[in-house]
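Subject: A structure for you to look at

Hello,

Here is the structure I promised to pass on, with some notes on what turned up in it. Have a look first, and then read on.

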Amino acid sequence: MASLARPKRDTASPQSHPDRAGNTPARRRGAPGGRRAAILGLAFVLPFLLVFVAFRMGPSILGVILSFMSTSLGGDFHWVGLENFEALFKDDTFWTSLRVTLVYSLISVPTTIVVSLVMAQLAARSVRGIKIYRAAFFLPVITSLVTTAVIWRWLYSTNGPMNFVLGLFGVGPVPWLGNDYTVLPALAIVAVWARFGYYMLILLAGLLNIPRDYYEAAELDGAGTWGKFRHVTLPGLKRPLFFVVILDIVQSFQVFDLVYVMTGGGPVRSSYSMVFMIYDQGFRYGYFGYASAVGVVLFAITLVISLVQRRIFRED
């Protein structure tokens, strides 16, 4: 007589049994495997967090504290409260640096955004050798900014190539970096050349992410080149443009390398930016508390502008 086979016992966890709909329930929260994965992820992130806190958050907090203190080259610290800020708002040099920074940003930021958007449109075309052009456009980004400043200072010099070309048309040498009216536009041109390649790649990624069906639908509705750009391209680039504008404003307000190498804040403080004032007051004269107060004001201005832009670019 054949014996009946005993059914095998299911050794799987009760959590893995599918329900009547055939769905397998997710693993219970707080399982040992999940905790181990979280600990492992934290272990990978921890070195970056330590470096960020030590070299970014720590100095920032120390700078805010230092802005309420009076310091000297001898290392003496005295709590003075708001005296640094009171003296700052009465200092004509501070208002000059703020005006220079604002004017420079008003020239640099719109020009950089427009150039980056135009170059992204060109780089988005499917033509032969387009990858070579994209790499060439990105080349200024990976070039040292100090090297870039030295090269452009030679280009702007009295006997440099730019004045040589102008001389062919009978125009005398222009003191690009020695004139109050031309120094900030000259610096802005260098900034545009150095930064547009990075923003171009960001906008290019956004352009390639816009479905081609939208452009075809716009053409069927009779939209021309400007209509497609206004109603398809710009709305599709809303988030990348927001990121690029915020990033470029922050970099424009923090301009220092170009000023330090090309003009030294001159002529007659015509290019005396706020960050250059921080360097000048802190490292040249030893007023670290006063320089920290300038940094706090610069941070507050940048934060307010960023919040205003976030509200303007908010989702509908």
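Searching the whole structure turns up 1 cavity of 30 Å³ or more. Please keep in mind throughout that this is a predicted model. The volume of the largest cavity is about 30 Å³. Its lining is made of Val-100, Thr-101, Tyr-104, Leu-184, Leu-187, Val-255, Val-259, Ser-271 and Ser-273. The biggest contribution to the lining of the largest cavity is from α3, with 3 residues. Sorted by class, the lining of the largest cavity has 6 nonpolar residues, 3 polar ones and no charged ones. As background, rolling a probe the size of a water molecule over the atoms shows where empty space is left.

The largest pocket has a volume of about 1200 Å³. It is lined by 27 residues, and those closest to its centre are Pro-59, Ser-60, Gln-254, Gly-295 and Phe-299. If you want to find this pocket by its helices, look at α1 (32-66), α10 (238-253), α12 (274-284) and α13 (288-312), each of which supplies at least two lining residues. Which of them has the largest share of the lining of the largest pocket? That is α13, from which 10 residues come. The lining of the largest pocket divides into 18 nonpolar residues, 8 polar and 1 charged.

The second largest pocket has a volume of about 510 Å³. Of its 15 lining residues, Gln-121, Leu-207, Arg-212, Tyr-215 and Thr-233 are the closest to the centre. At least two residues of this lining come from each of α7, α8 (212-220) and α9 (225-236). Here α9 gives the most, with 5 residues. By class, the lining of the second largest pocket holds 7 nonpolar, 3 polar and 5 charged residues.

Now for the rings. The count of aromatic pairs comes to 21. One of them is the pair of Phe-137 and Phe-196, which is tilted, with 6.4 Å from centre to centre and 55° between the planes. Because Phe-137 lies in helix α4 (residues 130-138) and Phe-196 in helix α7 (residues 183-208), this pair ties together parts that are 59 residues apart in sequence. Is Phe-196 buried or exposed? Phe-196 is buried, since its relative accessible area is 9%, and the cut-off for buried is under 20%.

Another pair is formed by Phe-283 and Phe-288. Their ring centres are 6.0 Å apart and their planes stand at 85°, so this pair is edge-to-face; the cut-off for that class is over 60 degrees. Phe-283 is exposed, with a relative accessible area of 66%, while Phe-288 is partly exposed, at 29%. Both belong to a cluster linked by ring pairs, whose members are Phe-256, Tyr-260, Tyr-272, Phe-276, Tyr-279, Phe-283 and Phe-288. Tyr-272, one of that cluster, also has a charge over its ring: the charged end of Arg-269 sits there, 4.9 Å from the ring centre.

Arg-269 brings me to the backbone. For comparison, most residues other than glycine have a negative phi, and most peptide bonds are trans. Where is Arg-269 found? Arg-269 is in the loop between α11 and α12. Its phi is near 60°, a positive value in a residue other than glycine. Arg-269 counts as partly exposed, because its relative accessibility is 36%.

Val-268 lies in the loop between α11 and α12. Val-268 has a positive phi too, of about 50°, although it is not a glycine. With a relative accessible area of 79%, Val-268 is exposed. Finally, Gly-266 and Pro-267 are joined by a cis peptide bond, with omega about -5°. Pro-267 is placed in the loop between α11 (257-263) and α12.

Happy exploring, and best wishes

Conventions
Residues numbered from 1 in each chain as written. Predicted model: local features only at pLDDT ≥ 70, side-chain atom pairs only at ≥ 80, totals over all residues. Heavy atoms only, no water. Phe/Tyr/Trp six-rings, centres within 6.5 Å; stacked < 30°, edge-to-face > 60°. Helix = DSSP H or I, 4+ residues; strand = E, 2+ residues; numbered from the N terminus. Buried < 20%, exposed > 50% of the residue type's maximum accessible area, 1.4 Å probe, protein only. Lys NZ or Arg CZ within 6 Å of the ring centre and 35° of its normal. 1 Å grid on protein atoms, 1.4 Å probe; cavity = no way out; pocket = protein on both sides within 12 Å on 5 of 7 lines; lining within 4 Å. Points joined across faces, edges and corners; volume = space filled by probe spheres on them. Nonpolar A, V, L, I, M, F, W, Y, C, P; charged D, E, K, R; others polar.
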